[in-house]
Amino acid sequence: MDPDNLPDPSAAPHPDSVIRLASTIHRFSIPFIDPGDQLSFETSFKTCSAGHQSTTSVLLQADTHRHAIKKSMADGKLSYPALSKSLLEYIPLINQILLSCKFQPESVTLDKRLVFSWHSGIEHTKDKHKHYFISEALMFELVMSVATYALSESNIGCDACVSGNFPEASRHFTKTVGIFQYLGEDLLPNWMAKSKQHAEMEKESLAETRVGVCVAFTSLYMAMSQQMAVATILIKPGVPNYSLVGKLCLGIAEEFETFVSTLRSKSPMHLDRIDPAFLTLITFCINVQQALSLYFLARSLWIASEYGVAIAALDEATIAMRVRTSPEKRGLPEMDEKGPLASLVGEVNGFRLHMSTLLKSWERDNLLVYFDKVRERERERESGLDAVALLNYCRVERSVTCLTISCLIYTSIHAMQVPPSVPSEKGLQPIQLKKAEQYILEMRDPLPLGVVVESPSKVAVNVSSDATSMQPTPTTSAHPVEP
């Protein structure tokens, strides 16, 4: 074999394990409607919709699409595209019914209570029996439907990621960002501002209906969308722009940190209901993205002939990929064989082996050819609390304020951007793409509702000005007054 044609070990391409680690994501379950739910809009609004063909038609359509959604959810092989399609058709209908009640409260009577029953897809419970949250608020049904649409789109993105179609995955995550952004910045704040039971709802309601959760999930899916952008770059042939990729990875780490800090400060009750395995994965992803940032920084510096600094940066990347010795120190969380990170052990080991081989090659070349000075690193140092350690700390030290927590998280990640062995002027600045596809809730004209004379068999409904809840009021029927 011609020695001149041998591959240069110092320019070894990034392995597939780097792509898989860079695109590690989490798939959430979708919320579920109670299968025993017998709700029917047509039945409940039968009297006040009588004589209004357009109203009856919309109510029947809403029933048809809601039944299709329930059927999709109950299917063992859930089709997320089919579910998203049904939700897209259903959401404008439930919003139209809501607006009709809002603008004509004096004309609304129900023949049968509307009782909506949903199970959260975000919250985690060890109980095998699903807990369903029950509400008579039309706004609750609308919010849960929109949140389900967001998570359904995210799962389509997850499927695309698994198949290697990273651009398609990015598009769906970007769409998910826009939906959660609409929930967290528009729909839910308006609902909460008009609600008289905000504190009670905060404690009892599902995570999908909380402003803080939706704002946090906006950051989470921004990070996941950016992960797909990085993976798209890495799968292309040739040498990527290592500096750009490193900045993107650092931006991803910051988005994950923002996700955690937002949940901690704005919705701590619901943070405690999220699967601990997911929080472990988030900690893993934060550290991996920081390690990848150092790795790509090193590759860019080596190409720029800054050999000593490149070696120092790559050495730091190898340290970042080690399992931490305690929750307060830098590194990956424990990777047990039966733990939540078990499936990633092979990828981590592959990345470690690649960096170790590359580092030895660089050190040999520098020793024999370049003679560039390598700044010594501090072998033992702490880098601040990571996300999960911080959460555990905050659960014990309840006196720590949300402001302090946010500052600690901010300090933690920025302390790790430029390790001591890498000159500060050589460090990368994070890039956050902040990609979001704007979600617009379709508005349709309110439906006509007829005024009905009260009778013992009807339940009069008092619809508040914001149409967020429909509370039965006393008539000659025996229905109790709702609080």
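Analyst: Arg-444 counts as partly exposed, at 28% relative accessibility. Here buried means under 20% relative accessible area, exposed over 50%, and partly exposed in between (1.4 Å probe, protein chains only). The model is predicted, so local features need pLDDT of at least 70 and side-chain atom pairs pLDDT 80 or more, while totals for chains, interfaces and linings use all residues. Residues are numbered from 1 along each chain as its sequence is written, and side-chain values use heavy atoms, without hydrogens or water.

Arg-444 pairs with Glu-442 in a salt bridge, with 2.9 Å between the closest N and O atoms. The term requires a side-chain nitrogen of Lys or Arg within 4 Å of a carboxyl oxygen of Asp or Glu. Glu-442 is also partly exposed, at 40% relative accessible area.

The whole structure holds 14 salt bridges. Helices and strands below are DSSP runs, numbered from the N terminus: helices are H or I with at least four residues, strands are E with at least two.

One of these bridges joins Glu-141 to Arg-66, at 2.7 Å from N to O. Glu-141 sits in helix H6 and Arg-66 in helix H4 (residues 53–74), so the contact ties together parts 75 residues apart in sequence.

Another pair is Lys-434 with Glu-255, whose closest N and O atoms are 3.1 Å apart. Lys-434 lies in the loop between helix H16 (402–415) and strand S5 (459–463), and Glu-255 in helix H10 (residues 242–266), so this bridge ties together parts 179 residues apart in sequence. The two ends contrast: Lys-434 is partly exposed at 43%, whereas Glu-255 is buried at 0%.

Now back to H6 and its setting. Strands pair if DSSP finds at least two bridges between them. Three strands form an open sheet in the order S1-S3-S4, with antiparallel pairing. S1 (32–33) and S4 (133–135) are the edge strands with a single partner each, so one side of each lacks a neighbour in the sheet. Two bridges connect S1 with S3 (residues 116–119). Ile-33 has Trp-118 of S3 as its bridge partner. Helix H6 (residues 138–162) packs on this sheet and touches S3 and S4, its direction making about 35 degrees with that of S3. Contact means heavy atoms within 4.5 Å. Axes are lines fitted to C-alpha atoms, for helices over the stretch in contact, with angles from 0 to 180 degrees between N-to-C directions.
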